[in-house]
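User: Hi! I have just opened this structure and would like a friendly tour. Could you walk me through it?

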Amino acid sequence: MLQVALLGEQAIIDTETGDAATRSPRSVALLAFLVAHAGVPQPRQRIAATFWPDSPDGQALTNLRRELHHLRRAVRDSPSLVVRATDLCWRDGDDVEVDARVFQLEGERARAAADRGDHDAASAHASVALPVYRGPFLPGSDDEWAATVRADLEQRCVDLCDLLVVVRGLTGDAAGASEAARRRVALRPLEEVGYRALMGLQVDLGDRAGAVRTYHRCAAILDRELGVQPDRVTRQAFERLLDDERSSARRSLGVRTPAAPLVGREAELATLTALWRHAGAGAAAVVLVRGDAGVGKTRLVDEFTRRTRCPRAAHSRCFAAAGRLPFAPIAEWLRHPAIADGARTLAPPWQVEVERLTALDPGNTDRRAQTPGGLGMADAWQRHRFVEGLARALLAGGRPTVLVLDDLQWCDPETLEFLGYLVRTFPRAPLLIAATMRGDGPDVARLIGRPSAGGPVTELVVAPLDPAATARLGDAVARRRLSDREHALLHAGTGGFPLYVVEAVRSADGHPLAADRLRDVLGARLATAGPDADTVAGLVAAAGRDVTLDLLVEAGDLEPLAVVRAVDTLWRQRILRETGRGYDFAHDLLREAAYARIDSPHRWLLHRRLAQGLALLHADDLDPFCAQLARQYDRGGRPDRAVPHYLRAAEIASATFGYDEATRLHRAALVAVRKGPASAESRRRELAVLEASAAPLTASRGYASPDLQEVLERAVDLAEQLGRRKSLVAGLVGLWSSRFVQGRNLDAERVAARALAVAEADGDADAVGAAHFACGGSAVSLAEPDAALRHFAAADDLTGGTRNLWVGARYDVHGRAWSAHALWLRNRPDDARVAAESAVALAREADQPYSLAVALAYGAITDQLRGDTDALHRTVTELRALCGRYGFAYYREWALVLDGWARSRIDLATAGVDRLRATGSFARMPYWLILLADVHARAGHIATARAIVDAALTSARTHSDLWWLPEVLRRRADLASVEDVSQDT
């Protein structure tokens with residue numbers, strides 16, 4: 001059986017295999033056209049003219065015959081596709097299921113049942129139809145006929161939602177009716193009737209807070225998109241929510257303080273518009289809107305996106321406080337309806353990568369439990385696929401897209417790196433990334449880094465308003481013309497900062513205040529909002545990020561209705577803003593002012609209440625809130641409760657390859673553990689944190705990182721104190737990896753020997769095998785090939801397919817690849833070749849890209865040792881491609897040096913050596929330096945080559961890197977001879 005998906009995606013799928021029956025968009029579009037006119041024969045001439053209007057009639061008919069041939073093969077000559085000499089027709093059949101037809105037919109049955117008063121049947125048919133409508137008809141198609149069908153089907157879905165609201169309400173299913181109302185709001189976010197229906201249903205369900213949020217969301221969208229307030233009917237419905245007695249004194253509850261107009265930014269808007277036109281033509285770009293706090297950066301970008309009317313304009317924000325997942329801004333962008341619709345058109349493998357993030361995002365209302373993936377550098381290939389999947393989701397459909405990111409100075413490193421990847425990898429995408437950043441934030445080059453290397457980055461500096469613009473803004477906010485003296489005082493006191501101007505006029509009865517007194521102005525505004533509003537503002541400030549009404553009710557000591565009214569008051573005064581999931585301050589300076597009003601003991605109490613509230617509200621699924629919960633417990637004086645949540649948050653961060661965030665969370669957990677008194681229990685908790693932190697550190701900082709070394713040394717010390725032998729072996733093997741890559745070969749050998757002694761005493765096979773592997777690696781570097789071969793053989797026997805947590809590759813792959821060097825040292829080059837090839841074959845069979853990179857890297861060295869330049873070229877070419885595709889560092893540098901040696905490229909070899917040195921990776925440095933010296937010698941740079949060989953000799957003796965020492969001495973003698981001959985000549 002075949003399934004045809006035309007709603008939210010374009011695909012013809014074989015249900016037995018899951019494979020696409022065709023990958024031709026034109027064939028799917030032809031089928032969609034026939035489905036849209038199901039049962040009605042369509043003349044071939046009309047179809048040809050519709051699809052190829054610019055082609056002559058004969059050529060258009062030829063094109064139609066070609067596409068019809070592909071379509072018939074795709075649907076396997078199904079009888080549903082009726083082909084005649086003069087026309088084509090689609091008739092519904094049992095062998096092909098088309099989602100658009102299922103939606104239409106079930107919807108018609110639902111309406112018919114409702115007309116005859118059969119509410120149960122109407123609800124049943126509508127419940128089948130609605131899930132089928134997964135998005136717009138034939139997304140990505142700009143054909144006029146498709147747009148007409150798309151609009152018709154969307155209206156049918158809206159009507160179906162309205163029908164479900166009614167019939168489910170009549171049958172007492174208020175929860176089901178509210179779901180239908182939410183769907184309607186998502187489909188038509190500018191139609192107030194949907195919001196009113198949803199508000200009424202939420203009240204019926206006892207969710208008054210939810211109803212208030214719905215109204216605020218409605219008002220915010222209308223304000224942002226149309227510049228209007230909700231109409232009188234909607235405002236009156238809202239007033240009834242907050243006033244049980246419906247007293248006339250509260251008739252103004254639904255009226256919000258007017259938004260301040262945007263003045264004095266004509267030039268900046270023109271620049272943004274020009275950048276948008278350029279990006280929309282197919283040139284991905286980044287614009288940094290930089291300026292001081294309160295200068296109006298966000299307001300400017302909001303006005304720009306409103307004027308563009310771009311249906312794919314998604315907004316997100318970074319937070320200074322902890323508590324968000326890595327890639328949280330991308331998750332928020334992916335929730336935008338238009339982008340979510342496009343993401344649903346991706347092939348299943350890419351949708352899996354998107355779900356890796358959205359399944360862990362608290363904004364996803366349909367999350368599934370997800371076990372974090374593996375850690376370590378071995379998973380870099382998975383991270384690459386994950387990032388590519390997110391990029392494809394954001395750009396799906398190829399339509400112009402604006403991605404807005406506020407407060408870039410607080411952006412997590414993972415998102416920053418992703419922005420660079422996005423514009424570098426998809427330079428022709430119709431994409432504009434508009435990011436706001438404080439003028440006193442970090443340096444642009446460091447902050448945006450990769451994006452500046454991958455695509456045009458425009459920096460737009462927003463300055464304070466001049467006196468004339470300040471006067472216009474002051475007049476607009478005051479709703480009267482201020483005097484010339486007031487204008488002068490206003491500009492002098494506020495410095496032309498729009499936020500200061502607005503706050504000064506609103507808070508001081510028209511008397512401007514100096515900018516350095518803004519906190520007092522803001523505090524006075526909070527105080528005038530009333531005691532309940534002041535209390536709620538303190539809770540929101542202590543939460544440190546957007547906060548839900550439910551949490552405010554749970555964490556506060558006010559009655560629910562009092563909390564709702566207080567939030568509405570703050571919202572109406574534009575102190576709080578609706579964020580989609582909750583509420584946040586309209587500006588960070590407002591948050592700072594609110595938090596400054598809370599004394600220290602009260603802060604401690606608020607943080608503890610927030611932690612308890614989060615734990616109660618999300619007891620069934622704490623994962624998305626772990627970081628936030630840990631922070632609240634920590635700041636509330638309960639570090640013991642904070643630590644487990646820090647650890648879980650770090651584990652979740654690693655699941656989306658947020659290794660930097662995981663490392664930050666682990667550091668916070670360590671600080672929390674060390675706050676308590678020293679005891680055996682505190683040492684056990686510290687060891688657990690250290691063990692969890694080592695893998696993300698390895699992935700993000702590399703084997704030679706001093707931070708990783710410090711963690712491993714402390715873990716070994718604690719494991720020994722606690723008598724945890726398995727932990728001790730794991731820590732010792734990790735410490736061996738760190739010291740070996742640092743080039744501390746004698747220290748590494750001692751650590752490996754100790755690990756083996758402890759492991760053998762404990763008797764765990766995996767631990768013994770891991771220790772043997774470490775001993776084998778040290779033995780090669782210390783020029784003890786026979787001992788190395790024995791250790792590698794033992795590691796192979798004991799570990800099987802086990803993967804080295806610290807190094808990343810499988811022990812059997814890594815050990816066989818490394819044993820090739822020991823075999824070469826024993827003058828067994830053919831056996832070395834067999835061992836190297838065996839490692840590569842085993843890695844390919846295991847289908848682990850990182851293990852394959854390790855095998856190829858060691859195999860390339862083996863090719864070089866054997867003098868097989870043809871094999872070396874092949875191996876290095878594959879290794880460089882693999883490292884480039886998945887972002888593998890370290891072995892990428894190996895490939896550079898070996899490729900430079902093979903091709904006599906000084907630049908490549910030098911770059912590889914320099915990068916290894918820069919990361920503190922001095923293992924095998926004598927070998928790498930000799931290869932570099934060879935390249936210089938071939939180019940006739942004898943003096944340079946001699947100096948490099950001398951450096952190699954120093955490195956070999958300093959690091960006890962003995963396996964290549966004889967070759968260093970031989971090359972030194974050869975170069976000395978060449979130099980002498982040259983001098984005689």
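Analyst: Happy to, and we can start with the overall picture before turning to single residues.

User: What should I know before I start?

Analyst: This is a predicted model, in which local features need pLDDT of at least 70, side-chain atom pairs count only at pLDDT 80 or more, and totals for chains, interfaces and linings use all residues. Residues are numbered from 1 along each chain as its sequence is written, and side-chain values use heavy atoms, with hydrogens and water left out.

User: How many helices and strands are there in the protein?

Analyst: The protein has 46 helices and 13 strands. These are DSSP runs numbered from the N terminus: H or I over at least four residues for helices, E over at least two for strands.

User: What share of the residues counts as buried?

Analyst: Of the 985 residues, 55% count as buried. Buried means under 20% relative accessible area, exposed means over 50%, and partly exposed lies in between (1.4 Å probe, protein chains only).

User: And the accessible surface, how much does it come to?

Analyst: About 40,000 Å², with 50% of it belonging to carbon and sulfur atoms. Accessible areas come from the Shrake-Rupley method with a 1.4 Å probe, and for residues only the protein chains shown count as cover.

User: Let's go inside. Which residues have the most contacts inside the largest nonpolar core?

Analyst: Those are Tyr 891 and Trp 928, in a core of 169 residues. Helix α40 (residues 849-866) gives the most to this core, with eleven residues. A nonpolar core is a set of buried Ala, Val, Leu, Ile, Met, Phe, Trp, Tyr and Cys residues joined through side-chain atoms within 4.5 Å.

User: What does Trp 928 touch?

Analyst: Not counting residues up to four places away in sequence, Trp 928 touches Ile 861, Trp 894, Val 897, Leu 898, Val 913, Leu 916 and Ala 923. A contact means heavy atoms within 4.5 Å. There is also a second, separate core of 64 residues, and Leu 30, Leu 31, Leu 198 and Cys 218 are among them.

User: Switching topic: which residues make the nonpolar surface patch of about 230 Å²?

Analyst: Leu 190, Leu 226 and Val 228 make that patch. Patches are made of residues with over 30% relative accessible area and no salt bridge; like charges are joined within 9 Å, and nonpolar side chains (Val, Leu, Ile, Met, Phe, Trp, Tyr) within 5 Å. Leu 226 lies in helix α9 (residues 208-226) and counts as partly exposed because its relative accessibility is 41%.

User: How many salt bridges does a search of the whole structure find?

Analyst: The search finds 65. A salt bridge is a side-chain nitrogen of Lys or Arg within 4 Å of a carboxyl oxygen of Asp or Glu. One of them joins the side chains of Asp 162 and Arg 184, at 2.7 Å from N to O. This pair links distant parts of the chain, with Asp 162 in helix α6 (residues 144-170) and Arg 184 in helix α7 (residues 174-187), 22 residues apart.

User: Is Arg 184 buried or exposed?

Analyst: Arg 184 counts as buried, because its relative accessibility is 7%.

User: What about Arg 750, which residue does it form a salt bridge with?

Analyst: Arg 750 pairs with Asp 747, and their closest N and O atoms are 2.3 Å apart. The two residues both lie in helix α35 (residues 745-762), three residues apart, about one turn of the helix. Arg 750 is partly exposed at 48% relative accessibility, and Asp 747 is partly exposed at 22%.

User: Last one, about strands. How do β1 and β2 run?

Analyst: Strand β1 (residues 2-5) and strand β2 (residues 11-14) run antiparallel, joined by four bridges. Two strands pair if DSSP finds at least two bridges between them. Val 4 has Ile 12 in β2 as its bridge partner. The two strands form a hairpin with five residues between them, and Gly 8 in the turn has a positive phi of about 85°.
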